[in-house]
Amino acid sequence: QLAEVATLYKNVGDGIDINSANQSLISTLQGFKLEAKDAMNIIDQFNEVANNFPIDSAGIGEALQRSAASLYAANTDLSKSIALITGTNAVVQDPSSVGNMWKTVSMRIRGTKQELEAAGEDVDGMVESTSKLRDIIKGLTGFDIMADEAGTQFKDVYDIVVGIGKEWKNLSDIEQAGLLEALAGKRQGNALSAALNNISMIENAYDTATNSAGSALKEQQEYEKGIQYSLDRLTASAQTFANHFLDSSLVKG
């Protein structure tokens, strides 16, 4: 089942090869603790978002290879993760860097300093106390990053970023700089700033991802009508014939 979906991903994925398609698909499944039956949903979301926003499906997959596990640990589902990546990459245009940035932000929000250090990420300016980070963000933006009054459960990264982003332009330059350093560190601050200045695209990408069912198969049907599909099938048939013929007892005899 995964092999079939990976092949579909290769066909609709804007130049991605089968090895990259396999790696991206499996990494996303594992990162978000999904089952093989969810693979088609992943490709639908990759494909539909790539068709409507300035990122290709290979780029989404590449960014998620670096960030899926951290985003999932921060209670952020696949659709919201794709939206965060898409809105950021529209400005940064580097899926690898975007993926690393969201991994860093997810860890910083949860206060996992040891994980950050183990991953070789910047911990300068990091607020290790959950209650202190909560107070800083709430004081600047009025937005609460916790899902409950007792402060035992974080909201997901998407909701936190959108919540902060709604008030981002009302902050002074100094306030923005301090918040960026606390959430992303000095190296990743510019990429997070790009996301916070692009909240409308992030929300639109989320809507697109959640309404993407059937996208990949529909595009595959269009692909099958084209010349390239016929050439690919002819090539595959020729390779199969050659392999069987050269392996046959007739040739050996």
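Predicted model: local features only at pLDDT ≥ 70, side-chain atom pairs only at ≥ 80, totals over all residues.
## Terms and model

Ala, Val, Leu, Ile, Met, Phe, Trp, Tyr, Cys and Pro count here as nonpolar, Asp, Glu, Lys and Arg as charged, and the others, Gly among them, as polar.

Residues are numbered from 1 along each chain as its sequence is written, and side-chain values use heavy atoms, with hydrogens and water left out.

## The chain as a whole

Let's begin with the overall picture. The chain has 14 helices and zero strands; helices (H or I, at least four residues) and strands (E, at least two) are DSSP runs, numbered from the N terminus. Of its 253 residues, 47% count as buried, meaning under 20% relative accessible area, with exposed over 50% and partly exposed in between (1.4 Å probe, protein chains only).

Contact means heavy atoms within 4.5 Å. Of the contacts in the chain with a separation of 6 or more, 64% are between residues 24 or more positions apart. The chain exposes about 12500 Å², and carbon and sulfur atoms supply 48% of that area, as found by the Shrake-Rupley method with a 1.4 Å probe.

Helix α9 spans residues 157–165, and eight of its nine residues are buried. Among them are Val157, Tyr158, Val162 and Gly163. The cover over the buried residues of α9 includes α4 (57–73), α5 (78–92), α6 (95–110), α8 (130–141), α10 (173–196) and α11 (199–210).

How many cavities of 30 Å³ or more does a search of the whole structure find? It finds one, and the largest cavity has a volume of about 30 Å³. On a 1 Å grid over the protein atoms alone, a cavity is a set of points where a 1.4 Å probe fits but cannot get out, and lining residues have an atom within 4 Å of a point. Grid points are joined across faces, edges and corners, and a volume is the space filled by probe spheres set on the points.

The lining consists of Val105, Ile109, Ile160, Val161, Ile164, Leu183, Leu192 and Leu196. Helices α6, α9 and α10 each supply at least two of the lining residues. By class, the lining divides into eight nonpolar, no polar and no charged residues.

## Three buried side chains to look up

Gln220 sits in helix α12 (residues 215–224) and counts as buried because its relative accessibility is 10%. Its side chain makes a polar contact with that of Asn11 (3.3 Å). Beyond four places in sequence, Gln220 touches Leu8, Asn11 and Val12. Gln220 and Tyr9 are 211 residues apart in sequence, yet 9.2 Å apart from C-alpha to C-alpha.

Ser57 belongs to helix α4 and is buried at 1% relative accessibility. A polar atom of the Ser57 side chain lies 3.4 Å from the backbone oxygen of Gly13. Beyond four places in sequence, the residues that Ser57 touches include Tyr9, Val12 and Phe46.

How values were computed: Polar contact = N/O pair within 3.5 Å; in protein donor to acceptor, adjacent residues only side chain to side chain. 1 Å grid on protein atoms, 1.4 Å probe; cavity = no way out; pocket = protein on both sides within 12 Å on 5 of 7 lines; lining within 4 Å.
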